[in-house]
Amino acid sequence: MAPGRKGKQVQLIDVRDLAEWIVSMVEENVTGTFNAAGPETALTMEDLLQECQSTLETDAELVWANESFLLAKGVGFWSELPLWIPDREKMEGFLALDIQKALGAGFSFRPLAETIRDRHVWELAHAYLERKEGLDAEKEKAVLKMWKERVE
């Protein structure tokens, strides 16, 4: 289940990159206010999901459903479909922060594929934990079925 517009900008950060940068800022006695998000260049939801497919070598099909349909079916943005904030929420800048000041202060990022792969490995190793985020598999199947019936 892929939400909304393919070209919608998203931002994410590998906490390891953030932690390394914060430690270096403290060690260098640098102070100030910075937007710390990533990656370094603009990333769309479609680019992110395609990178996930490629990195994890999956043949999973991306099914793009429009926001109004997802919301009408009770799919929760952000919590059930991470990094998705519907356009109606009027939060355009939330996932499109200007990070130039942080980049100028040495903020850098590991490759997105590394973050994706490491997160996947972590999730597999911690499968015993009760998940609070992400769309429940049964709910996703039901919503996908409704979407496909709607457009066919």
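Where does the largest share of the lining of the largest pocket come from, and how many residues does that share hold?

Reply: The model is predicted, so local features are given only at pLDDT of at least 70 and side-chain atom pairs only at 80 or more, whereas totals for chains, interfaces and linings use all residues. Residues are numbered from 1 along each chain as its sequence is written, and side-chain values rest on heavy atoms, without hydrogens or water.

The largest share comes from α5 (112-125), with six residues (helices are DSSP runs of H or I of at least four residues, strands runs of E of at least two, numbered from the N terminus). The pocket itself (an open set of points on a 1 Å grid over the protein atoms alone where a 1.4 Å probe fits, with protein on both sides within 12 Å along at least five of seven lines) holds about 1600 Å³ of space, the volume being that filled by probe spheres set on points joined across faces, edges and corners. Besides α5, the elements β1 (2-3), α2 (45-55) and α6 (137-151) each bring at least two residues to the lining.

By class, the lining of the largest pocket divides into 24 nonpolar, six polar and nine charged residues (Ala, Val, Leu, Ile, Met, Phe, Trp, Tyr, Cys and Pro are nonpolar, Asp, Glu, Lys and Arg charged, and the others, Gly among them, polar). The second largest pocket, with a volume of about 180 Å³, has four nonpolar, one polar and six charged residues in its lining, and E123 and R131 are among the residues that line it.

W78 sits in the loop between α3 (67-72) and α4 (100-104), and its phi is near 70°, a positive value in a residue other than glycine. Because its relative accessibility is 39%, W78 counts as partly exposed (buried is under 20%, exposed over 50%, partly exposed in between, with a 1.4 Å probe and protein chains only). In that loop between α3 and α4 lies K90 too, with a positive phi of about 55° although K90 is not a glycine; K90 counts as exposed because its relative accessibility is 63%.

Terms used: On a 1 Å grid over the protein atoms alone, a cavity is a set of points where a 1.4 Å probe fits but cannot get out, and a pocket is an open set with protein on both sides within 12 Å along at least five of seven lines; lining residues have an atom within 4 Å of a point.
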